[in-house]
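User: Let's go through this model together, and please start with the charged pairs.

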Amino acid sequence: MKKHEIVGFKRANLGKTESQELRSQGYVPSVLYGGTEQVHFYAPAMLFRELLFTPDIFNVTLNIEGTLYNAVLQEKQFHPVNDSLIHADFLQIVDGKEIKVDVPVKLTGTSAGVMKGGKMNQKLRKLRVQGLADNIPDYVNVDVTELDLGKSVKVGALKAENFVILTAASNPIASVEIPRALRGTLGK
């Protein structure tokens with residue numbers, strides 16, 4: 001996992017009014033859970049930019065008033081109108097305890113069906129996986145070189161090492177669609 005650091009401050013007052021006041025000053029109210037205690041804190045919104053606008057997973061070092069925590073961004077909430085970040089939940093990484101995260105899917109290779117004129121359609125962009133933080137991969141590689149026209153590769157065909165894939169095995173990850181121009185010529 002990639003590394004990122006966020007410097008935050010503990011929240012003295014919890015509640016809607018205090019959260020709105022923090023947001024108006026450019027901060028994001030956040031919660032760290034999963035450890036021995038919940039930690040309510042706030043941090044500048046600019047520090048979240050690298051976490052939000054990428055499919056990658058980050059091992060986030062939270063520096064909350066000098067106390068360091070390792071965590072992953074678990075949940076984020078955006079304003080419905082202006083798409084600004086209004087809340088973030090972090091899951092603390094505890095040694096020996098498994099975590100559940102969404103890992104991006106990366107398609108590799110050139111499909112045989114695409115070489116014949118088909119169109120690659122990626123149905124899943126992320127897979128839900130569970131495992132120790134050290135065993136979670138940066139992305140899941142899916143080889144599509146053997147994929148022919150009208151065929152698909154499903155989650156059940158993937159091999160997971162040191163982690164468990166929680167996404168249903170019957171879900172298709174990618175498929176090669178047959179274009180309308182080729183449909184009539186394939187039967188001949």
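This is a predicted model: local features need pLDDT of at least 70, side-chain atom pairs count only at pLDDT 80 or more; totals for chains, interfaces and linings use all residues.

**Charged pairs, strands and a pocket**

Analyst: The side chains of Arg128 and Asp102 meet in a salt bridge, at 3.4 Å from N to O; the term stands for a side-chain nitrogen of Lys or Arg within 4 Å of a carboxyl oxygen of Asp or Glu. The two residues are 26 apart and link distant parts of the chain, Arg128 being in strand β9 and Asp102 in strand β7. Helices (H or I, at least four residues) and strands (E, at least two) are DSSP runs numbered from the N terminus.

User: Fine. Are Arg128 and Asp102 buried, exposed or in between?

Analyst: Arg128 counts as partly exposed at 27% relative accessibility, and Asp102 is also partly exposed, at 36%. On that scale buried means under 20% relative accessible area and exposed over 50%, with partly exposed in between (1.4 Å probe, protein chains only).

User: How many salt bridges does a search of the whole structure find?

Analyst: The search finds 3. One of them joins Asp56 to Lys2, whose closest N and O atoms are 2.6 Å apart; Asp56 sits in the loop between α2 and β4 and Lys2 in strand β1, so this pair connects parts of the chain that are 54 residues apart. Both are partly exposed, Asp56 with a relative accessible area of 26% and Lys2 with 42%. Another is formed by the side chains of Asp148 and Lys116, at 3.0 Å from N to O. Because Asp148 lies in the loop between β10 and β11 and Lys116 in the loop between α3 and β8, this pair ties together parts that are 32 residues apart in sequence.

User: Back to β9 for a moment. What is the strand order in its sheet?

Analyst: The sheet is open, has 4 strands in the order β10-β7-β9-β12, and shows mixed pairing. Strands β10 (140-143) and β12 (164-165) are at the edges with a single partner strand each, so one side of each has no neighbour in the sheet. Within β12, Val164 stands opposite Gln130.

User: What does β6 pair with besides that?

Analyst: Strand β6 pairs with β5 in the antiparallel sense over 7 bridges, Leu73 having Phe90 as its partner in β6. That hairpin has 6 residues between the strands, and Asp83 in its turn shows a positive phi of about 60°. Strands β4 and β5 are antiparallel too, over 5 bridges, and their hairpin has 2 residues between the strands, with Glu65 taking a positive phi near 50°.

User: Switching topic: which residues lie nearest the centre of the largest pocket?

Analyst: Ile57, Leu73, Lys76, Asp102 and Lys126 do, out of 17 lining residues. A pocket here is an open set of points on a 1 Å grid over the protein atoms alone, where a 1.4 Å probe fits, with protein on both sides within 12 Å along at least five of seven lines, and lining residues have an atom within 4 Å of a point. The elements giving two or more residues to this lining are α2 (49-52), β5 (67-78), β7 (99-108) and β9.

User: Which of those gives the most?

Analyst: Strand β5 does, with 5 residues.

How values were computed. Residues are numbered from 1 along each chain as its sequence is written. Side-chain values use heavy atoms; hydrogens and water are left out. Two strands pair if DSSP finds at least two bridges between them.
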